[in-house]
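Trainee: I have a structure open and would like to talk it through with you. Could we take it piece by piece?

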Amino acid sequence: MYTQTEQNDTLYRVSISNTTKQVSVICLAMESLDEQDATTYDSVDELPSWIQEGLAILSMTSSEPPTKEVSGVGRRIDKDTYWLYQ
């Protein structure tokens with residue numbers, strides 16, 4: 001279950017390809033749902049620093065369901081998928 005820590009938080013879905021290591025980032029804010037705002041990066045090293053930091057924290061958590069939210073950071077959904085708050 002997704003819960004935001006603040007009403008102004010924006011949620012990002014970050015998915016890392018297990019084979020190519022490319023990273024897909026999709027903004028899930030209400031105002032961007034119609035735009036399908038998605039960006040692909042060639043590697044984690046190319047991501048904005050705040051996303052790299054969030055992934056570093058969440059990658060230390062279990063990917064086995066049910067996953068737990070890290071307050072102010074986000075949640076690891078599965079082995080290669082994360083939800084991050086901005």
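Trainee: Which residue in the hairpin of β1 and β2 takes a positive phi?
Mentor: In that hairpin, which has six residues between its strands, K21 takes a positive phi near 70 degrees. Strands here are DSSP runs of E with at least two residues, helices are runs of H or I with at least four, and both are numbered from the N terminus. Keep in mind that this is a predicted model, in which local features need pLDDT of at least 70 and side-chain atom pairs count only at pLDDT 80 or more, while totals for chains, interfaces and linings use all residues. Residues are numbered from 1 along each chain as its sequence is written, and side-chain values use heavy atoms, with hydrogens and water left out.

Trainee: How many bridges join β1 to β2?
Mentor: Five bridges join β1 to strand β2 (residues 23-27), and the two run antiparallel; strands pair if DSSP finds at least two bridges between them. Five bridges also join β1 to β6, again antiparallel. Y12 stands opposite C27 in β2 and opposite L84 in β6.

Trainee: And is β1 enclosed or open, and why?
Mentor: β1 is largely enclosed by the rest of the structure, because five of its six residues are buried. Buried means under 20% relative accessible area, exposed over 50%, and partly exposed in between, with a 1.4 Å probe and protein chains only.

Trainee: Switching topic, which residues form the aromatic pair?
Mentor: The structure holds one aromatic pair. Y12 and W50 form it, edge-to-face, at 5.3 Å centre to centre and 70 degrees between the planes. Y12 lies in strand β1 (residues 11-16) and W50 in helix α1 (residues 49-58), so the pair ties together parts that are 38 residues apart in sequence. Rings of Phe, Tyr and Trp (its six-membered ring) pair if their centres lie within 6.5 Å, with planes under 30 degrees apart counted as stacked, over 60 as edge-to-face and the rest as tilted.

Trainee: Are those two buried or partly exposed?
Mentor: Y12 counts as buried at 15% relative accessibility, whereas W50, at 27%, counts as partly exposed.

Trainee: Which residues of α1 are buried, then?
Mentor: I51, G54, L55 and L58 are buried in α1. They cover an arc of only 100 degrees around the axis, which puts them on the same side of α1; the arc is that of the directions from the helix axis to the C-beta atoms. What covers these buried residues includes β1, β2, β4 (69-70), β5 (74-78) and β6, where contact means heavy atoms within 4.5 Å.
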